[in-house]
2 protein chains.
Amino acid sequence: MENELSERKQKILAAIVEQYIRSGEPIGSKSLMEVLPMKVSSATIRNEMAELAALGLLEQPHTSAGRIPSHSGYRYYIDHLMHARELDDDSRRKIEAAIGEGGDPEHLLSKAGEVLADLTNCAAVSTTPAGESTKIRRIEMVPVGSRTAMLVLLTSTGILKSRICRVDTSITVPLLERFYNVTASQLVGRALADVHTTAMQTLAASLGADAFSLLPLLAAVAELARDAAQADIRLDGQSNLLGYRELEENAYELMEFLRNGEPLNALISSNKEDVHVLIGKENRFRQLSNSSLILARYDVGGEESGTLGVIGPTRLDYAKLIPSVRYLTDLVGRLLTRSMHDEE
Amino acid sequence: MENELSERKQKILAAIVEQYIRSGEPIGSKSLMEVLPMKVSSATIRNEMAELAALGLLEQPHTSAGRIPSHSGYRYYIDHLMHARELDDDSRRKIEAAIGEGGDPEHLLSKAGEVLADLTNCAAVSTTPAGESTKIRRIEMVPVGSRTAMLVLLTSTGILKSRICRVDTSITVPLLERFYNVTASQLVGRALADVHTTAMQTLAASLGADAFSLLPLLAAVAELARDAAQADIRLDGQSNLLGYRELEENAYELMEFLRNGEPLNALISSNKEDVHVLIGKENRFRQLSNSSLILARYDVGGEESGTLGVIGPTRLDYAKLIPSVRYLTDLVGRLLTRSMHDEE
DNA sequence: AATTAGCACTCAACACATCCGAGTGCTAAC
DNA sequence: GTTAGCACTCGGATGTGTTGAGTGCTAATT
């Protein structure tokens, strides 16, 4: 998009976007006149608005109504006109209060999601940390029956995954010892990504006589690793979305879409930028075509790990929400780094 | 409610309830005539309907409309008229497919919730197992930094809880050993309910010199125990509720109510029966006054442990859903019992 | 050439009137 | 006790004005 808009057009566009974000009603030339810093007649504004509409930056719900920003209008606003507002103290306090000292990643993220949803009055998405270089920190095997054990895996990012595993032989102390020997020497400290099925097979081959009894356990560990390597998506405050008139129509579809995390995951993981804003149809999912997303990555120990973001109507208060999301991702990243990497 | 309705009134009431459950539209005397097994004129049916209405079993949305069952009408139907339909093979297959062999409680319940929501086209609630006699099965302490450790607690019901704990001294091997000594001898095997703060204090008092360094860790363990003792509520398929016209009006309120689990928890834990049906205003929450709940307990190892259920409009297909919920609770109970208590 | 006043025009939203028909309650006959 | 018949009710759909915010265009003004 060329940046060739006259100063006045820019001011008008910005004012329309901001007013519309506030009110949700189409903006007419008269009411706009009162808000604009310069003194021009409504007729002039109408002319400018007509040109902005011709450029595709504004649209009209119907002939006799005011204008609302088009998707490109929002885009232009965000890229060129918006100046981010600092996070106000009240929000900052709320965040501090909700998150406190942090804790394990899952709690932390659930708190972060809740507070973000609450603060923005939108739905909040969050994914658990899952970087390339995540390692296995600990593996535990807890017998819970004569032939069943619970396997627990803890990653270097603080994610805990567990699974029940049934074996054909009864679980004895020597079996446990052999399991711990193998896992401690071969698996703990390895990257999650390295523990795929083929690696397990070569590992199993080297076990000799023990292979038979250990195999199902190791297979389960491999599954756990696979599980842990993949980010979990959390969603908070979906009900907030029901409050927006413009989403009401496809509320059901939208909720249904959000429920099954697959496509959302695809969208999130395609985000390579620091803060990513997707407006309406800019994403490829029909169900989200009336919605905007603001997504931001958080880093743990210097590595890109997970994502936090909000989903709401296109009429989001970007100037406020973008800084909010960024602030929260920074905070989460910092807290997680401190919890998981402090080696002072 | 007296059981003094004439046979014919019973048939009529049953037919109205069943038709209304199907269509969601008020039922008129004419259309009812075609459905009823006996041959009577619409006028007769009208007379009977008027009497049923006088008894409070039916109500009229407005004068010139058909009748719909009142809450007491549903109640009478469920208690006296309904004959539960066997679970059809298709549903049974779906359940088997979704749940498979089971696994840990959390996965199992999430699967159960999903399939229940899917099967019933309602929202499904589920709580993790948390009985009186749940015990601590294992406690692990995993250093994740020089002064932080992750504490992990596994209960006899298979619930895993974790927490990050920071200590003031650096974490050394001797500290770990002392921690494991204390926990293994004093805490593992104890009931969750016994590990309250006061018990921890007397325990701490007996530690002598170690108290200082161990105290924060033990306090964290106590918190974990408290956490684990309390059932977590899961909710699935909330979006299903958006499909019902009669819920649309207060959809936002309803979702908001479900989101914050507190009151729902109160409702669930007050359920002492095998299968409990709450119709409309029978519960004390305004937000649920247009909804019905079907709740059922599942037992693990012979003890009442958790609850599964559905939430939907009052117009639920009770004859189908009650058996479905019961079947699923039985299955979940059986699988969890097998995973957690098999000592053959 | 840009701006503005003025004006005719558009169209959603609202109010109001009308009609329709499903369904009722009642009465009188069976 | 049951039924046919009928007057009556009332929500929902349909139709018709009316209103008013907002537009686009033209012609006058700066």
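A residue counts as buried when its relative accessible area is under 20%. Keep that cut-off in mind as we walk through this structure, which is a predicted model.

Let's start in chain A with A:I95. Its relative accessible area is 1%, so A:I95 is buried. You'll find A:I95 in helix 5 of chain A, the helix that covers residues 89-99. What does A:I95 contact, if we leave aside its neighbours within four places in sequence? The list runs to A:L87, A:G100, A:V115, A:L119, A:Y327, A:L328 and A:L331.

Now for some rings. Over all chains, the count of aromatic pairs comes to six. Take A:F257 and A:F285: their ring centres are 5.2 Å apart and their planes meet at 50°, so this pair is tilted. A:F257 belongs to helix 12 of chain A (residues 251-259), while A:F285 lies in the loop between strand 8 (275-279) and strand 9 (291-300) of chain A, so the pair ties together parts that are 28 residues apart in sequence. And are these two buried or exposed? Both A:F257 and A:F285 are buried.

Over in chain B, let's see how some helices pass each other. Helix 1 of chain B (residues 7-23) and helix 4 of chain B (residues 71-81) have axes that come within 10 Å and cross at roughly 110°. Angles of 65 to 115 degrees count as roughly perpendicular, so that's the word for helix 1 and helix 4 of chain B. Their crossing is left-handed. On the helix 1 side of chain B, the contact is made by B:Q10, B:L13, B:A14, B:V17, B:E18 and B:Y20, and on the helix 4 side by B:G73, B:Y74, B:Y76, B:Y77 and B:L81. Sorted by class, this contact has eight nonpolar residues, two polar and one charged.

The other pair to look at is helix 8 of chain B (residues 197-205) and helix 9 of chain B (residues 211-229). Their axes also come within 10 Å, and they cross at roughly 160°. Angles over 145 degrees count as roughly antiparallel, and helix 8 and helix 9 of chain B are therefore roughly antiparallel to each other. This crossing is right-handed. Here B:M200, B:L203 and B:A204 of helix 8 meet B:A211, B:L215, B:L218, B:A219, B:V221 and B:A222 of helix 9. The contact between helix 8 and helix 9 of chain B has nine nonpolar residues, with no polar and no charged ones.

Note on methods:
Residues numbered from 1 in each chain as written. Chains lettered and ligands numbered in written order. Predicted model: local features only at pLDDT ≥ 70, side-chain atom pairs only at ≥ 80, totals over all residues. Heavy atoms only, no water. Phe/Tyr/Trp six-rings, centres within 6.5 Å; stacked < 30°, edge-to-face > 60°. Helix = DSSP H or I, 4+ residues; strand = E, 2+ residues; numbered from the N terminus. Buried < 20%, exposed > 50% of the residue type's maximum accessible area, 1.4 Å probe, protein only. Contact = heavy atoms within 4.5 Å. Axes fitted to C-alpha atoms, helices over the stretch in contact; angles between N-to-C directions. Parallel < 35°, antiparallel > 145°, perpendicular 65-115°, else oblique. Left-handed = near helix turned anticlockwise from the far one by under 90°. Nonpolar A, V, L, I, M, F, W, Y, C, P; charged D, E, K, R; others polar.
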